[in-house]
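Let's take a walk through this structure together. Have the sequence and the 3D view handy as you read.

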Amino acid sequence: MALLEVENLDVRFYTEGGVVQAVDGLSYSLERGERLGVVGESGAGKTVTALALLDLLDDPGRIEGGSIRFDGEEVLDAPPERLRHLRGGEIGMVFQDPETALNPVYTVGEQVAEAVRVHTDRVGEAAHDRAVALLERVGIPDPASRATQYPHEFSGGMAQRVVVAMALAGDPALLIADEPTTGLDVTIEAQLLDLLDDLAADDLAVQLVSHDLGVVAGFCDRVLVMYAGQAIERAPVDDLFYEPKHPYTAGLLSAIPRLGDDRDRLATVPGTTPDLASPPPGCRFHPRCPYAEAACTKRDPPLADSGDTGDHQAACLAYVDDADFDGPLDFYVEVDGEERP
Amino acid sequence: MSDPLVSAEGLVKHYPTEESFFARLLGRRQWVRAVDGIDLDIYPGETLALVGESGCGKSTLGRTLLHLEEPTAGTVRHRGDDLGALSAAELRDRRRDLQYVFQNPTASLDPRLTVGDAVGEALAVHGITDRDRRVAELLEAVGLRSSHAGRYPRELSGGQRQRVGIARALAVDPEFVVCDEPVSALDVSVQAGILNLLADLQDEFDLAYLFIAHDLSVVQHVADRVAVMYLGELVEVGPVEEVFSPPYHPYTWSLLSAVPEPDPQWERDRVVLDGTVPSATDPPDGCKFHTRCPIVQDDCDEWADHPDLDPVAGAGSDHAIACPYHDRLEEGS
């Protein structure tokens with residue numbers, strides 16, 4: 001049994017501009033100790049998915065269908081008391097902006113100790129000691145005295161480590177990290193990724209939400225690509241980066257500048273992500289897809305096995321047997337000067 | 001090489017940490033040494049990238065170069081004229097040649113002005129007539145439609161807003177544009193479009209860019225030359241292919257090795273720098289980088305000042321590194 005199983009998740013936002021289908025029939029699973037990357041552009045539904053896992057969606061957002069099973073237990077049916085225990089306890093969370101995740105008027109040690117008290121049976125001195133140990137675990141030098149300081153005395157990278165320490169308070173089996181390094185310098189980002197790497201080596205499963213394909217390439221085992229609320233490709237990390245099967249993934253990969261490439265112009269993905277209050281008919285990517293055919297405007301392709309290796313699915317009519325799609329998709333991705341078909 | 005278009009000499013910009021009368025009276029005021037003695041030349045038609053971690057003074061340098069901030073010391077020359085010696089009216093005229101594109105396209109556009117007004121305002125300030133036709137031309141030059149002129153910023157996507165910011169900077173036909181992290185807030189697919197646009201506009205209008213960025217893969221793609229900045233000073237300057245290959249300044253090397261490459265099999269000698277950039281109010285003695293340097297030597301904290309930028313391949317070379325020990329980097333690794 002997988003640690004986390006998400007099936008047919010539907011999330012809608014009821015706004016004045018109409019009903020926005022932010023997540024549409026999303027299914028994926030995460031094994032113990034596995035690192036899953038969730039990538040996509042802004043508005044693809046990455047963060048909404050992460051929030052939905054813990055029932056943290058605010059009005060006007062609502063989970064309208066599907067199932068989320070954590071360790072075999074249905075999260076969507078869990079009573080509030082149980083949910084509070086899961087949230088931040090068995091499932092730890094790290095969000096993008098550490099300044100908003102920390103309370104400016106309490107010391108850092110007190111905030112980590114509070115998480116320890118809520119999620120374990122440690123109290124008083126024992127909770128404080130555990131908090132200091134957690135701060136040490138996340139690589140904060142001189143943790144005992146740093147614990148007495150306030151968030152404004154921490155740099156962005158150090159504050160993010162504190163947030164990671166809080167997420168570890170309940171000894172979670174799964175860590176959801178939503179853009180944990182966005183906005184940090186590359187040097188500080190490298191330090192934090194080393195820390196996450198170290199934690200994941202201890203059998204912690206990580207769902208890393210990121211728009212940075214470089215971060216995902218270096219950290220994750222498997223990748224889920226989202227577009228307009230849907231999963232459009234799912235594959236082990238090597239397969240995804242070397243042999244992408246969906247035209248959108250291929251477009252994203254060729255739009256990033258890489259160190260050492262000598263292209264004069266970057267490839268672009270023309271157009272913008274669709275308005276999810278009125279998504280285009282058929283495949284949601286067809287208005288931007290260079291390979292789109294008439295059939296693409298009529299039928300929304302499901303995630304289907306894309307051929308060669310077993311564990312690689314893409315949502316494109318090219319991989320649907322009975323589709324009226326002529327193809328072929330003749331893109332390739334150049335990695336490190338080598339062409340790969 | 002031709003004469004520089006814009007050139008900075010001994011440029012310094014210090015900010016007080018507190019402005020109050022009491023702080024001044026009690027001598028409690030400290031100074032943030034954001035830009036601390038920089039010499040830099042920018043040539044016509046080139047792209048010079050300025051890189052470094054946040055807080056190293058990149059944006060302050062960009063603003064001071066255009067005299068959007070008055071320098072504390074040093075001079076900026078544009079076509080040989082000292083900008084500090086110009087009257088306010090003369091400086092405003094100069095701004096037709098010197099423009100700025102801001103990082104956050106949402107914050108830098110007035111939400112109550114239509115796109116046409118935002119772009120046209122620059123034309124009015126500089127007394128350029130035939131506004132509507134010019135606005136339409138500019139919007140088309142940056143890949144928007146002339147019908148966008150009637151829209152408000154909130155009706156545009158982030159990438160479209162950044163295009164408006166670029167159109168506004170180009171409205172007065174400048175020759176030098178400071179682009180302060182122009183693509184940092186954008187998704188990769190949108191970023192690629194803006195980078196291509198900047199390159200096309202450079203060819204078309206013969207622009208020189210100072211391209212401030214922290215993403216080194218982007219820098220390698222756009223720049224002709226690169227200047228690496230650390231705590232208000234330059235530690236390495238040179239043509240992009242030389243800065244991005246050995247010999248390196250140890251700081252440049254650390255930055256490059258930290259870039260996350262979108263290649264799962266990427267093997268690297270990664271050096272992870274300890275800690276963060278020290279405070280610019282009280283920078284370390286000697287070489288400012290010695291507290292985090294992977295090849296620090298015994299005497300690095302003893303110099304009277306930060307080491308000078310020394311040409312790498314003898315005099316006359318345009319690749320310079322401010323570290324007398326940089327050759328130990330290759331021996332060690």
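Domain bounds here come from an automatic or database domain assignment. Keep in mind, too, that what you're looking at is a predicted model. With that said, the C-alpha centres of domain 1 and domain 2 of chain A sit 32 Å apart. Domain 1 of chain A is pieced together from 1-77, 174-186 and 199-341, while domain 2 of chain A covers 91-171.

Where the two domains meet, domain 1 of chain A puts in 12 residues and domain 2 of chain A puts in 10. On the domain 1 side, the top contributor is strand β7 of chain A (residues 174-178), which supplies 5 residues. Sort that side by class and you get 8 nonpolar, 2 polar and 2 charged residues.

Now have a look at helix α7 of chain A, residues 156-167. This helix has 12 residues and runs 17 Å from its first C-alpha to its last, close to the 16 Å expected at 1.5 Å a residue. Is α7(A) enclosed or open? Of its 12 residues, 10 are buried, so the helix is largely enclosed by the rest of the structure. Among the buried ones are A:Met158, A:Arg161, A:Val163 and A:Met166. Their cover includes β6 (91-94), α3 (98-101), α4 (108-119), α5 (124-137), β7 and α8 of chain A.

Helix α8 of chain A turns up again where the two chains meet. That contact takes 38 residues from chain A and 30 from chain B. On the chain A side, the elements giving two or more residues are α8 (186-200), α9 (213-219), α10 (237-242) and α11 (247-255), and α8(A) gives the most, with 7 residues. By class, this side of chain A has 18 nonpolar, 11 polar and 9 charged residues.

Next comes the inside. In soluble globular proteins, nonpolar side chains tend to be buried together. Here the largest nonpolar core has 201 residues, and those with the most contacts inside it include A:Val112, B:Phe211 and B:Leu234. Leaving aside residues up to four places away in sequence, B:Leu234 touches B:Ile38, B:Leu40, B:Ala227, B:Val228, B:Met229, B:Leu309 and B:Ala322.

For one last stop, find B:Thr291, in the loop between α10 (250-258) and β11 (310-311) of chain B. B:Thr291 has 18 other C-beta atoms within 10 Å, so it counts as partly exposed. Again setting aside residues up to four places away in sequence, B:Thr291 touches B:Pro278 and B:Pro284. B:Pro278 is 13 residues from B:Thr291 in sequence and 8.4 Å from it in space, C-alpha to C-alpha.

Terms used
Residues are numbered from 1 along each chain as its sequence is written. Chains are lettered from A and ligands numbered from 1 in the order in which they are written. This is a predicted model: local features need pLDDT of at least 70, side-chain atom pairs count only at pLDDT 80 or more; totals for chains, interfaces and linings use all residues. A nonpolar core is a set of buried Ala, Val, Leu, Ile, Met, Phe, Trp, Tyr and Cys residues joined through C-beta atoms within 7 Å. A residue is buried if 20 or more other C-beta atoms lie within 10 Å of its own, exposed if 12 or fewer, and partly exposed in between; C-beta atoms are placed from the backbone. Two residues are in contact if their C-beta atoms, placed from the backbone, lie within 7 Å. Helices (H or I, at least four residues) and strands (E, at least two) are DSSP runs, numbered from the N terminus. Ala, Val, Leu, Ile, Met, Phe, Trp, Tyr, Cys and Pro count as nonpolar, Asp, Glu, Lys and Arg as charged, and the others, Gly among them, as polar. The expected span of a helix is 1.5 Å times one less than its number of residues.
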